[in-house]
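Please walk me through this protein model.

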Amino acid sequence: MYVLGIETSCDETAASVVENGKDVLSNVVSSSLRFHAKYGGIIPEIASRMQLETITQVTQSAIRESGISLRNIGLVSVTSSPGLIGSLLVGISFANSLALSLGIPLVELNHLHSHIYANFLGNSKARLPVIALVVSGGHTSLFYVKSFKEIEPLGETQDDACGEAFDKVAKILGLGYPGGPIIEKLAKKGNAKKIKFACSGTKNPLDFSFSGIKTAVLYYVQRHKNEMDPKLRADICASFQEAVVSVLLQKAFLACSIKRIKSIVVGGGVAANHCLRQRLSEEAKIKGISAYFPPLSFCLDNAAMVAGLGYKRR
């Protein structure tokens, strides 16, 4: 079965055709990120306006690149939550209209569940059940995935999401937006042991909190503003990244222990972070746990993961 996926939860407008939940025939993504950069964050009105203007062209491109005809599509799959309300409405309305005009079913999906499925596209060796860690600009969550229709939430952020904390720390340091790639790049030049930052504790041991470490970086920068130079900025980035990655690993492995699961999959934009990928892979190997990450092209928001999961949920 050919499934058309539509993704418009944030600033991306994406469409993809996936065959039988595995083979990605096309994956087209248009981002309005450059229009948000000067504001230091996503402006919902700009995002939904751009999506309204581009969704038809993006979908046409996805169909054309897939090499199949629109009439061969057997299912439309679309992100319905969570996300920016205006952006979601663009995608849902378009997907509903298309499915109705073609006389085919429509499946609405949770955006975070789609990020989990990104690990199962193509020739992935990942097998259920798994512990899933979803880390992005808006969400940081842990799930127990027994099947693609049985996904149990285990923990979530109580304040800032992981990616959001990266963005805010980058702003504190005057590095620009988005903050994740910039901090990762500078962290490679810094000493991760130079400054001891730590994430706040949580009542539920599988929940996350990143607002405290963001504030700790702010106070540190204020105390050392007269000493700030490229080397110190790099040390701050490395030490901040080290603390964040450490808590992600600690809680992911704790979830594996609680649920007695030997596999972890990671999804979301922060899954592209090299430090996270390397450390999780190394520590998982020591613990006898299999760790999986999506290809970099499927870490950020995309419609292939939506189409793939749609096939499983049909």
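The tour below goes from helices to rings, then to single residues and the backbone.

This is a predicted model, in which local features need pLDDT of at least 70, side-chain atom pairs count only at pLDDT 80 or more, and totals for chains, interfaces and linings use all residues. Residues are numbered from 1 along each chain as its sequence is written, and side-chain values use heavy atoms, with hydrogens and water left out.

Start with helix α10, residues 304-313. Helices (H or I, at least four residues) and strands (E, at least two) are DSSP runs, numbered from the N terminus. Helix α10 is mostly covered, with 8 of its 10 residues buried. Buried means under 20% relative accessible area, exposed means over 50%, and partly exposed lies in between (1.4 Å probe, protein chains only). The buried residues of α10 are Ala 304, Met 305, Val 306, Ala 307, Gly 308, Leu 309, Gly 310 and Tyr 311. What do they pack against? Their partners are the strands β1 (2-7), β2 (12-19), β3 (23-31), β4 (73-81) and β5 (106-110), together with helix α4 (111-117).

Helix α4 is also the place of His 113. His 113 counts as buried, at 14% relative accessibility. Contact means heavy atoms within 4.5 Å. Not counting residues up to four places away in sequence, His 113 touches Phe 143, Ile 151, Leu 309 and Arg 313. One of these, Leu 309, is among the buried residues of α10.

Move on to helix α5. Its buried residues are Cys 162, Gly 163, Ala 165, Phe 166, Asp 167, Val 169 and Ala 170. They pack against β6, β7, α6, α7 (211-223) and α8. Just after α5, Gly 174 takes a positive phi of about 70°.

How do α5 and α6 meet? Helix α5 (residues 162-172) and helix α6 (residues 179-187) pack at an angle of about 70°, and their axes are 8 Å apart. That makes α5 roughly perpendicular to α6. Axes are lines fitted to C-alpha atoms, for helices over the stretch in contact, and angles run from 0 to 180 degrees between N-to-C directions. Angles under 35 degrees count as roughly parallel, over 145 as roughly antiparallel, 65 to 115 as roughly perpendicular, and the rest as oblique. The crossing of α5 and α6 is left-handed. That term applies if the near helix is turned anticlockwise from the far one by less than a right angle; clockwise is right-handed. On the α5 side, Phe 166, Asp 167, Val 169 and Ala 170 make the contact. On the α6 side, Gly 179, Gly 180 and Ile 183 do. These residues divide into 4 nonpolar, 2 polar and 1 charged. Here Ala, Val, Leu, Ile, Met, Phe, Trp, Tyr, Cys and Pro count as nonpolar, Asp, Glu, Lys and Arg as charged, and the others, Gly among them, as polar.

Now look at the rings. A pair of aromatic rings is described by the distance of the centres and the angle of the planes. Rings of Phe, Tyr and Trp (its six-membered ring) pair if their centres lie within 6.5 Å; planes under 30 degrees apart count as stacked, over 60 as edge-to-face, and the rest as tilted. The structure holds 6 aromatic pairs. One of them joins Phe 120 and Phe 148, edge-to-face, at 5.0 Å centre to centre and 85° between the planes. Phe 120 lies in the loop between α4 and β6 (130-135), and Phe 148 in the loop between β7 (140-147) and β8 (150-156), so the pair ties together parts that are 28 residues apart in sequence. Both Phe 120 and Phe 148 are buried. In Phe 166 and Phe 240 the ring centres are 5.0 Å apart and the planes stand at 75°, so this pair is edge-to-face. Phe 166 lies in helix α5 and Phe 240 in helix α8 (residues 230-259), so the pair ties together parts that are 74 residues apart in sequence. Ring pairs also link Tyr 117, Phe 120 and Phe 148 into a cluster.

Strand β7 holds Val 145. Is Val 145 buried or exposed? Val 145 is buried, with a relative accessible area of 0%.

Finish with the backbone. A cis peptide bond joins Ser 81 and Pro 82, with omega about -20°. The bond from Leu 128 to Pro 129 is cis too, with omega near 0°. Asn 20 is not a glycine, yet has a positive phi of about 55°. Asn 20 lies in the loop between β2 and β3.
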